[in-house]
Amino acid sequence: MIYISPSLLAADFTKLGDEIKRIEDAGADYLHLDVMDGVFVPNISFGLPVIESLRAKSGLVFDVHLMITKPERYVERFADAGADIITFHYEACEDPAALIKKIKELNKKASISISPKTPADAVLPFLPELDMVLVMTVEPGFGGQSLIPETLEKVKIIRKVIDENGYNCNIQVDGGISEKNISLVTDAGANVIVAGTAVFKSPDPKKTISELKQ
Ligand code: DX5
Ligand code: ZN
């Protein structure tokens, strides 16, 4: 099953409530929420109060992508704000195993992300405990970039390990994905697809989401 998770970063920020209603009606499965702290990545986006306000407006799965240093400081507050899936960066965290445990104790889905330069090996030890792995297909920090094809090798490696061991773990990809190249990432083994620009900037998001799913 393929899940589409449109990234709010590409929405019109003057009318976020309407924007999420629009993509919910268009058939989105999740809502991808990119939180950036200006330290782990060279950009600042939005945070807790925005997520909390949107939570009251939407029944979508809130897929929160934390691009922040020392994410362990904040997971409790993102859980309270309404996150369903909490993704943190391997590169930003000192003790991934402890943080996975903490997220699961909060009854949220736990996910680790790796940036393009981090090898697939980094996440393999955590797969039995993880609900999802996010393989970044661009350098984190900005929407609207082009997919880095070399990152797909890592998706293939992780898919093989998950399938061989029967782990219950999704693979998400994020950055530069559209209806034109989605088959590259799904062929590699990804099944949760983030698409910001492709969905929010589409004149017909419903058509775009159904094309992505096909
Ligand atoms: C990048 C973010 C992505 C980004 C995707 O740091 O994690 O979620 O917004 O946007 P597009 O689909 O436009 O590349
Ligand atoms: Zn993201």
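1. Leucine 106, neighbours within four places in sequence left aside, is in contact (heavy atoms within 4.5 Å) with Val75, Glu76 and Ala79. Leucine 106 belongs to the loop between α4 (96-105) and β5; helices (H or I, at least four residues) and strands (E, at least two) are DSSP runs, numbered from the N terminus. Glutamate 76 is 30 residues away along the chain, with a C-alpha separation of 7.3 Å from leucine 106. The relative accessible area of leucine 106 is 24%, so this residue is partly exposed; buried means under 20%, exposed over 50%, and partly exposed in between (1.4 Å probe, protein chains only).

2. On provenance: this is a predicted model, in which local features need pLDDT of at least 70 and side-chain atom pairs count only at pLDDT 80 or more, while totals for chains, interfaces and linings use all residues. Residues are numbered from 1 along each chain as its sequence is written, chains are lettered from A and ligands numbered from 1 in the order in which they are written, and side-chain values use heavy atoms, with hydrogens and water left out.

3. Backbone angles deserve a look at two positions. Most residues other than glycine have a negative phi. Asparagine 107, not a glycine, has a positive phi of about 65 degrees. Asparagine 107 is in the loop between α4 and β5 and, at 69% relative accessibility, is exposed. Lysine 70, also not a glycine, has a positive phi of about 45 degrees. Lysine 70 sits in the loop between β3 and α3 (75-81) and is partly exposed at 42% relative accessible area.

4. How many aromatic pairs does the structure hold? There are two, where rings of Phe, Tyr and Trp (its six-membered ring) pair if their centres lie within 6.5 Å, and planes under 30 degrees apart count as stacked, over 60 as edge-to-face and the rest as tilted. Tyrosine 3 and tyrosine 30 are stacked because their ring centres are 5.4 Å apart and their planes are at 15 degrees. With tyrosine 3 in strand β1 (residues 3-6) and tyrosine 30 in strand β2 (residues 30-36), the pair ties together parts that are 27 residues apart in sequence. Tyrosine 3 is partly exposed at 25% relative accessibility, whereas tyrosine 30 is buried at 10%.

5. Phenylalanine 13 and phenylalanine 46 make an edge-to-face aromatic pair, 6.0 Å centre to centre with 65 degrees between the planes. This pair links distant parts of the chain, 33 residues apart: phenylalanine 13 is in the loop between β1 and α1 (16-25), and phenylalanine 46 in the loop between β2 and α2 (48-55). Phenylalanine 13 is partly exposed at 41% relative accessible area, and phenylalanine 46 is buried at 9%.

6. Arginine 55 lies over the face of phenylalanine 62, 3.7 Å from the ring centre. The criterion is NZ of Lys or CZ of Arg within 6 Å of the ring centre and within 35 degrees of the ring normal.

7. Isoleucine 193 is in strand β8 and is buried, at 0% relative accessibility. Neighbours within four places in sequence left aside, the contacts of isoleucine 193 include Ile2, Tyr3, Ile4, Val173 and Ile182.

8. Leucine 212, in helix α8 (residues 205-213), is buried at 3% relative accessible area. With neighbours within four places in sequence set aside, the residues in contact with leucine 212 are Ile4, Ser178, Glu179, Ile182, Ala195 and Val199. Aspartate 29 is 183 residues from leucine 212 in sequence and 12 Å from leucine 212 in space, C-alpha to C-alpha.

9. Threonine 118 occupies the loop between β5 (109-114) and β6 (132-136) and is buried at 10% relative accessible area. Beyond neighbours within four places in sequence, threonine 118 is in contact with Tyr90, Glu91 and Lys154.

10. The largest pocket has a volume of about 320 Å³. A pocket here, on a 1 Å grid over the protein atoms alone, is an open set of points where a 1.4 Å probe fits, with protein on both sides within 12 Å along at least five of seven lines; lining residues have an atom within 4 Å of a point. The volume is the space filled by probe spheres set on the points, which are joined across faces, edges and corners. Of the 27 lining residues, Gly143, Gly144, Gly175, Gly176 and Thr197 are the closest to the centre of the largest pocket.
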